[in-house]
Amino acid sequence: MITMKDIIRDGHPTLRKVAEDVKMPPSKEDQEILKSLHEYILNSQDPEIANKYGLRPGIGLAAPQINVSKKMIAVHVIDEKEQLHSYMLFNPRIVSHSVEKAYLSSGEGCLSVDEVIPGYVHRYARITVKANDIDGKEIKIRLKGLPAIAFQHEIDHLHGKMFYDYIDEKNPFTPMDQAIAID
Ligand SMILES: O=CN(O)CCNC(=O)c1cccc(Cl)c1Cl
Ligand code: NI
């Protein structure tokens, strides 16, 4: 199982690389890695397991964060309508998005960043993602709200981007006039 010692931190070069596409159909090894990312998030959201193994909670995880520079992400998050969004994906890419932006009013955090970096991270409010599922089948997902934000945070990891790259240092809490605040 993945624990915090497997998570690489800011400054490690892999976090700034563009990850490799995963060849389809996926190998057993790639499928195991993808499952381990998803397992970490579930474990990190279980108070007992998280406490026992000292896991920082997460709603998503990307393979580069465990020093695997391949396009794999896992997300497990409940949206504002109490709908569960749980995914393990290869090669996710945003194929279309809203003009409208959104941000988490509480800002964002990252397992690969040990300090708290306050500020609004402006992202697309709605996105359409194409990806391959664990068996290699192509899927298309439309997302909004917190799941859309989480997907953008994870897909950024596959392109060497970190959430704080978007925070305006001079005024970290710039509320973009047209942007939606998500609590
Ligand atoms: O890349 C994934 N992580 O670093 C896991 C820890 N961060 C989070 O779960 C997290 C926290 C706040 C906002 C977003 Cl969008 C995310 Cl994703
Ligand atoms: Ni992160």
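## Surroundings of ligand 1

Helix α3 (residues 145–157) provides the largest share of the shell around ligand 1, with 5 residues. The model is predicted. In total, 14 residues surround ligand 1, and the closest are Ile59, Gln65, Gly109, Leu111 and Glu154. By residue class, the shell around ligand 1 consists of 6 nonpolar, 6 polar and 2 charged residues. The site of ligand 1 is the largest pocket.

A backbone N or O atom of Ile59 lies 2.8 Å from an oxygen atom of the ligand, and an N or O atom in the side chain of Gln65 is 2.9 Å from an oxygen atom of ligand 1. On the nitrogen side, a polar backbone atom of Gly109 is 3.0 Å from a nitrogen atom of ligand 1. Taken alone, ligand 1 exposes 420 Å², of which the protein buries 91%.

## Nickel site

Ligand 2 is a nickel ion, coordinated by SG of Cys110, NE2 of His153 and NE2 of His157. The distances run from 2.2 to 2.4 Å. The spacing of these donor residues in sequence is C-x42-H-x3-H. Distant parts of the chain are linked by the pair Cys110 and His157, which are 47 residues apart. Cys110 belongs to the loop between β4 (101–104) and β5 (123–124), whereas His157 is in helix α3.

## Backbone geometry

Most residues other than glycine have a negative phi, and most peptide bonds are trans. Two places in the model depart from these patterns, one for each.

The peptide bond from Met24 to Pro25 is cis, and its omega is near -5 degrees. Pro25 lies in the segment before α1 (28–44). Asn67, a residue other than glycine, has a positive phi, near 65 degrees. Asn67 is placed in the loop between β1 (60–62) and β2 (72–78).

Definitions and conventions:
Residues numbered from 1 in each chain as written. Chains lettered and ligands numbered in written order. Predicted model: local features only at pLDDT ≥ 70, side-chain atom pairs only at ≥ 80, totals over all residues. Heavy atoms only, no water. Near = heavy atom within 4 Å. Polar contact = N/O pair within 3.5 Å; in protein donor to acceptor, adjacent residues only side chain to side chain. Areas by Shrake-Rupley, 256 points an atom, 1.4 Å probe, with all protein chains shown as cover. 1 Å grid on protein atoms, 1.4 Å probe; cavity = no way out; pocket = protein on both sides within 12 Å on 5 of 7 lines; lining within 4 Å. Sits in = over half its atoms within 2 Å of the grid points. Helix = DSSP H or I, 4+ residues; strand = E, 2+ residues; numbered from the N terminus. Nonpolar A, V, L, I, M, F, W, Y, C, P; charged D, E, K, R; others polar. Donors = N, O, S within 2.8 Å, 3.2 Å for Na, K, Ca; no water.
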